[in-house]
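Okay, I've got a few minutes on salt bridges today. Let me put the model up and then walk you through some pairs.

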Amino acid sequence: MHEKIITFASPVFFLLIAIEFLVARKRQKHLYRINDAISSLSLGVMSQITGVFLKLFSVGAYAWVFSNFALLQLDPGSVWVWISGLLLYDFLYYWLHRMGHETNLLWAAHVVHHQSEAYNLTTALRQTSTGPLFGWVFYLPLAIIGFPVQVFVVIALIDLLYQFWVHTEQINKLGWFDRVFVSPSNHRVHHAVNDIYLDKNYGGILIIWDRLFGSFIEEQDSEPVVYGTRSPLRSWNPLWANLEVYKAVLQDAWHTRHWADKFLIWLRPPGWRPADLRALPPAKPFDLARPLFDPLVSNAALGYCLLQFIALLQAATYFLLAFKSMSALNASVYAAWLIFSLWCLGGLIEKGRFYLIPESLRLIAIFLMSMLSANWFYSYALSVTEQALLAAACIISLGALGFIFLPKNSHGHLSH
């Protein structure tokens with residue numbers, strides 16, 4: 001249900017993104033870059049795709065604990081059950097979010113949401129693909145108290161959807177609202193890498209948790225927010241975005257000589273290193289005034305990637321709506337193809353011609369499937385016309401790919 005609601009809400013998200021883009025342009029604030037926006041949206045799509053498999057595990061664990069250990073049987077027809085459930089969920093979210101910044105294991109998942117050096121509504125959709133592996137543990141008190149599974153799923157969705165609108169620079173401070181609720185001003189602080197703002201304002205809906213537990217700071221006019229992470233990603237690769245911190249922590253866990261540190265490092269704060277590794281050369285110091293990651297690619301290349309991404313959105317939407325009617329094999333292959341496709345587009349935006357072969361293979365695979373199979377992952381057979389249109393789109397895309405990315409000689413012809 002979660003994936004379907006997010007899917008149906010997507011047109012609203014994109015409408016609001018378009019409005020924010022136009023407002024920013026009118027105010028002479030050019031907050032959007034196509035490469036960054038595609039990267040953030042790709043990570044959001046990937047999160048939904050992997051969530052199809054991982055959330056069955058996390059919701060299933062909640063349902064099992066509720067069935068076996070619930071102290072009460074709360075009535076889902078009671079308004080107070082919903083209100084109290086949402087308040088308790090938001091309180092537990094605060095601690096999950098805070099631990100996501102204070103322990104390596106959870107930061108490795110949560111870092112994805114902070115990697116963008118921009119701050120706009122596409123950043124809100126930049127979500128982790130590995131978070132459901134561990135985050136569900138924090139919500140088990142709801143199951144033990146006796147909040148039914150359907151209540152848990154809906155209040156989790158409400159808490160998530162609320163947080164979309166606060167990812168904007170177009171709304172200034174809101175007076176009394178900022179003192180009670182998470183607002184754009186409060187959440188801009190949370191995404192900052194400035195020393196004064198670091199690891200503050202963890203709330204989901206209510207900011208009062210931060211005020212109660214000493215993690216609140218107000219946005220300062222004298223200290224403009226700088227976005228990103230202290231170890232910048234410097235990549236548009238969605239797979240690497242999800243794995244970079246896991247790899248760094250695994251490397252330290254492997255190289256330390258102390259067995260206790262091999263395990264404890266996962267519970268330590270980001271940046272902590274075992275004693276026997278602290279003598280190693282430090283990583284490059286963080287520079288608040290660093291240039292934005294913005295590798296040079298042509299407008300034609302960006303246009304190609306944007307059009308391919310829009311097409312992928314349609315395929316991903318179908319997958320999220322229809323995966324339950326697919327076999328496990330078809331769903332797995334379809335999901336793998338979608339993730340591979342997002343990886344190809346991220347690579348083209350970042351490194352251009354280096355990803356020509358993977359992208360060509362992706363398009364050829366679509367072409368062959370459209371010619372050899374009438375259903376091509378779908379739960380219904382494509383008509384001959386639909387098959388022909390899909391094949392033609394692949395051929396045109398292959399031609400555009402070669403024309404845009406292959407080197408040309410001084411006369412404008414492709415070089416051999």
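**Salt bridges, pair by pair**

Let's start with Arg-230, which is partly exposed at a relative accessible area of 32%; for that label, buried is under 20%, exposed is over 50%, and partly exposed sits in between, with a 1.4 Å probe and protein chains only. Quick housekeeping: this is a predicted model, so to speak, with local features needing pLDDT of at least 70 and side-chain atom pairs counting only at pLDDT 80 or more, while totals for chains, interfaces and linings use all residues. Residues are numbered from 1 along each chain as its sequence is written, and side-chain values use heavy atoms, leaving out hydrogens and water.

Who does Arg-230 pair with? Asp-195, in a salt bridge with the closest N and O atoms 2.3 Å apart; the term means a side-chain nitrogen of Lys or Arg within 4 Å of a carboxyl oxygen of Asp or Glu. Asp-195 counts as exposed, at 66% relative accessibility.

Next one: Glu-219 and Arg-188 form a salt bridge too, 3.1 Å from N to O. This pair links distant parts of the chain, 31 residues apart. Both residues, Glu-219 and Arg-188, are buried.

Then there's Glu-102 with Arg-98, a salt bridge at 3.0 Å, N to O. Glu-102 is partly exposed at 28% relative accessibility, whereas Arg-98 is buried at 17%.

And how many salt bridges are there by this rule? Nine.

Technical notes:
Helices (H or I, at least four residues) and strands (E, at least two) are DSSP runs, numbered from the N terminus.
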